[in-house]
Amino acid sequence: MSDTERQTATGKVLWHFTMSLDGFVAGPDHGMDWMSGISARPGLVDEYVRSTGAVLGGRDGWDAAGGHRPYGGLWDGPVFVLTHHPEDAAPADGVTFLNCDPAEAVRIGLEAAGGKNLEVFSPTIGRQLLDLGLIDEIDLHIAPVLLGEGIRLYDNPGGGPIRLHRLGEADPTSVVNVRYRPATTARIPAGTVE
């Protein structure tokens, strides 16, 4: 599977995540320890650091991150956290807590991004923006791990399918083929004789 084109700063609303093969963007309680031991192509993080003008996230994710900035602190720019309770949020440099509808949060974030991309780092907000037609692109990095539980990228029980078009030169409706092999021997249930 080839990589997609390099990310560019074109003022788009970008729903961006590293995701497990089974569709989780965080473990239980927003745990991110599952991301250790994975790699990406050289320069990938720098691409996003250069093309990101602002970040929009949710309160649960921000609180779970403990005030850590996106991209391990390599990126410095305005962060907007959408919350129903901004009054009890711990202040942080460069972080604005918003209590507005998601469309208004996008307007504020795009203005602050100054022509670069607004990255959405929230499954819930991303789903709402997708419903409103405000997501320009979904950018996923699929990690070779199965989590089994946690926070899904897209969780919308009872909702209908949303068709997507793959970017690039290939057929936009073509499936993406990935092939992995377990890194460890399959688990043998307790009490089973080999």
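I looked up aspartate 63 first: its side chain meets that of arginine 59 in a salt bridge, 3.0 Å from N to O. For a salt bridge I required a side-chain nitrogen of Lys or Arg within 4 Å of a carboxyl oxygen of Asp or Glu. The model is predicted, so I noted that local features need pLDDT of at least 70 and side-chain atom pairs pLDDT 80 or more, while totals for chains, interfaces and linings use all residues. Residues are numbered from 1 along each chain as its sequence is written, and side-chain values use heavy atoms, with hydrogens and water left out.

Both residues of the pair lie in helix H2 (residues 59–65), four residues apart, about one turn of the helix. I took helices (H or I, at least four residues) and strands (E, at least two) as DSSP runs numbered from the N terminus.

I then checked accessibility, with buried meaning under 20% relative accessible area, exposed over 50% and partly exposed in between (1.4 Å probe, protein chains only). Aspartate 63 is partly exposed at 44%, whereas arginine 59 counts as buried at 15%.

I went on to helix H3 (residues 102–113). Arginine 107 forms a salt bridge with glutamate 111, with the closest N and O atoms 3.3 Å apart. The two are separated by about one helical turn, because they are four residues apart in H3. Arginine 107 is partly exposed at 43%, and glutamate 111 is exposed at 61%. Back at arginine 59, I noted that salt bridges with shared partners join Arg59, Asp63 and Asp88 into one network. The structure holds seven salt bridges.

My last entry is histidine 141, in strand E7 (residues 137–143).

A polar contact of 2.7 Å joins the side chains of histidine 141 and histidine 16. For a polar contact I used a pair of N or O atoms within 3.5 Å; within protein, one must be able to donate a hydrogen and the other to accept it, and residues adjacent in sequence count only if both atoms are side-chain atoms.
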